[in-house]
Amino acid sequence: MRNLCLLLCLAFVIANGVRLTFAYSTDHILTIDTTGRGPEISPTLYGIFFEDINHAVEGGLYAELVRNGSFEHSDPWEAWASEVGAEADVKLMSDMPLNRNNLHYLRIQITETGGLVRLINSGYGGIPIEKNQSYNFSLYARADVPFAGVIRVALEASSGEVCAQGEIEGLGSEWEKYERKLTAVSSCSNARLVLTFDSPGTIYIDMVSLFPAETFHGMRMDLVQMLEDLNPGFMRFPGGCFVNGDSLKNAFRWKDSIGPREVRPTRRNFWGYAHSYGIGLYEYLLLAEYLGAEPLPILNPGMSWQGFQPVEICPLDKMDEWIDDALDLIEFANGPVTSEWGAVRASLGHPEPFDLKYLGIGNENWGRDYFERFELFQQAIKARYPEIKLVFATGTTYSGVWFDMAWQWAKDHGVDVVDEHIYASPAWFLLNTERYDLYDREGPKVMVGEFAAHTGDRRNTLEAALAEAAFMTGLERNSDVVVMASYAPLFNRVGWSQWVPDLIWFDGTRAYGTPSYYVQMMFATNRGDVVLPSSLSNEKYVFLHYKYKHLYHVVSYDSESKDIIIKVVNPWPDTKTCQIVFDGDPPLTGYGQAIVLTSDDPRSENTFENPLRVAPRELQICDITNPFTYTFEGYSVTILRIGTQGL
Ligand code: AHR
């Protein structure tokens, strides 16, 4: 057995490089009680928060490559250019629309003597095309008949080189959808979609669209993969302020977001750009299901975002339509196919219920107007669906009078889950890792629905990620109270952003995770199911009157793998050597694994050029004894998985 271990160690050294464990002088002693049990860790503890900000959806996860293909943006010509020859005309029309949600379309007229029109869409700063890949082009069109001509479709490089092309023919007098598969013969990072009209006649077009052939229900596969790698326990969507709107006119209304894409209205969203609902409630539910994450839709409580004055508030006696939306949403997600909304779900292709368990009412709302409206939702929903857990907002701050009032109201009214949003400095996160130690165990549960450490320059540095990781050790240790937590925002399309820092950065073809992304991934993929009591000697130190910790840690046990999981964050430059003592004499296998995120510079960031500059490394560990010594690198997050034969 011993020889086998040595052999395995040697193999690991050759394959991975190994941190062997030697006993030498230690800065700290970490004592783990392997017979005791702390709180069970919520399977939903680490999740994702989804919002269309920074073009996370439009021009992002939503794989549509044509921008403003519906001509419904506030500037109907946004992203379009036209070249109109002498004997031709192009006009924006709205008198015979495709449907009442999609009023604008183009009329193209070419005279009998011939003429030429080219309509050019540039997507989001160019359309990336890859050689040999297929793309699904479609548009709605009709013509004044008889019309025997064609519409030529091409993906062109700026040099004029044609990367892919096709033709649409057989136009009739009624709106109809025409589809063509285009296969690229060459690559182009910033192609343009060019529609050419040179057949005499009058043609009308709308809903011009181009998708990569392979998507997940219209979503970019690479970005879905980035989410999958996070192993999220829940998915909160679709916002954020996106849900509130800056007026009730652009509040999230889920019924607008389902069904054929051409009937989903396009609106300017809270973040100032047009949103087509291309990914709507149904697609979000499918995505959550695919990711194995509990879906958590957030609905508007009949109030626009309260950070902007004046707030638009639906009068109390007109709240029925908002409350019905919530009841109908639950029926849409969970109802039998014989119910009205369950039948709609089935007609979209998902007869099985989604087993929705959570629903949020409000985002960053607070004060009496909100409480009154939340209570109406609470009464109506609990009367019909007592099993649904409702999430309640606490405003934009995580402390102060309004926050305390919200908490008091939540306690007095039996709220299930309270949503706290925390954007603060790295120092705040380091100093508040015990925030939830003192929370009432009998009161509402907590969702830290948005959090991120903001450095002075709001960069996605390792420094920020270390502070978040330290804070997360406190979330995990208190997972009997904190049942959900998600970093915010999730996505940023470079060059199209309203908010930094963000978890994942992408452009038309590439994506990379920030150091914060890897922290989320490390915690979520190494969660454990119960906390093991533990203590660290010489834990605290005082700097400028502030009580920081030398190391931040939490220990858990994972009954499936039988691993003890030790998470340790060292946000400081110097290495820390720690003797790890397992009280209770557990049957250690002697093997383990270290997953380490570090860099010698806390200002390090990932980039497209160097996407893995700060990314976790995995090392195998042999000869783990009780006790054993481990040295935690400076500026590091370390997860030690210690094999046991079962506790
Ligand atoms: O995460 C970005 C924004 O921050 C969210 O939309 C909002 O809830 C918060 O103010």
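Predicted model: local features only at pLDDT ≥ 70, side-chain atom pairs only at ≥ 80, totals over all residues.
**View 1. The shell around the ligand.** The shell holds 14 residues. Those that come nearest are Glu51, Cys241, Glu364, Tyr423 and Glu450. Sorted by class, the shell has eight nonpolar residues, three polar and three charged.

**View 2. The ring pair Tyr370 and Phe392.** The whole structure contains 49 aromatic pairs. In this one, the ring centres are 5.2 Å apart and the planes meet at 25°, so the pair counts as stacked; the cut-off for stacking is under 30 degrees. Tyr370 belongs to helix α8 (residues 367-384), while Phe392 belongs to strand β19 (residues 389-393). The pair therefore ties together parts that are 22 residues apart in sequence. Tyr370 and Phe392 are both buried.

**View 3. An aromatic cluster.** One cluster is formed by Tyr398, Trp407, Trp428, Phe429, Tyr436, Tyr439, Phe451, Phe471 and Tyr487.

**View 4. Arginine charges over aromatic rings, at Tyr204 and Phe608.** Two arginines are shown. The charged end of Arg142 sits over the Tyr204 ring, 4.0 Å from the ring centre. Arg510 has its charged end over the ring of Phe608. There, the distance to the ring centre is 4.1 Å.

**View 5. Tyr517 in helix α12.** Helix α12 spans residues 515-524 and includes Tyr517. The relative accessible area of Tyr517 is 1%, so this residue is buried; the cut-off is under 20%. Tyr517 and Gly360 are separated by 157 residues in sequence. In space, their C-alpha atoms are 24 Å apart.

Note on methods
Residues numbered from 1 in each chain as written. Heavy atoms only, no water. Phe/Tyr/Trp six-rings, centres within 6.5 Å; stacked < 30°, edge-to-face > 60°. Helix = DSSP H or I, 4+ residues; strand = E, 2+ residues; numbered from the N terminus. Buried < 20%, exposed > 50% of the residue type's maximum accessible area, 1.4 Å probe, protein only. Lys NZ or Arg CZ within 6 Å of the ring centre and 35° of its normal. Near = heavy atom within 4 Å. Nonpolar A, V, L, I, M, F, W, Y, C, P; charged D, E, K, R; others polar.
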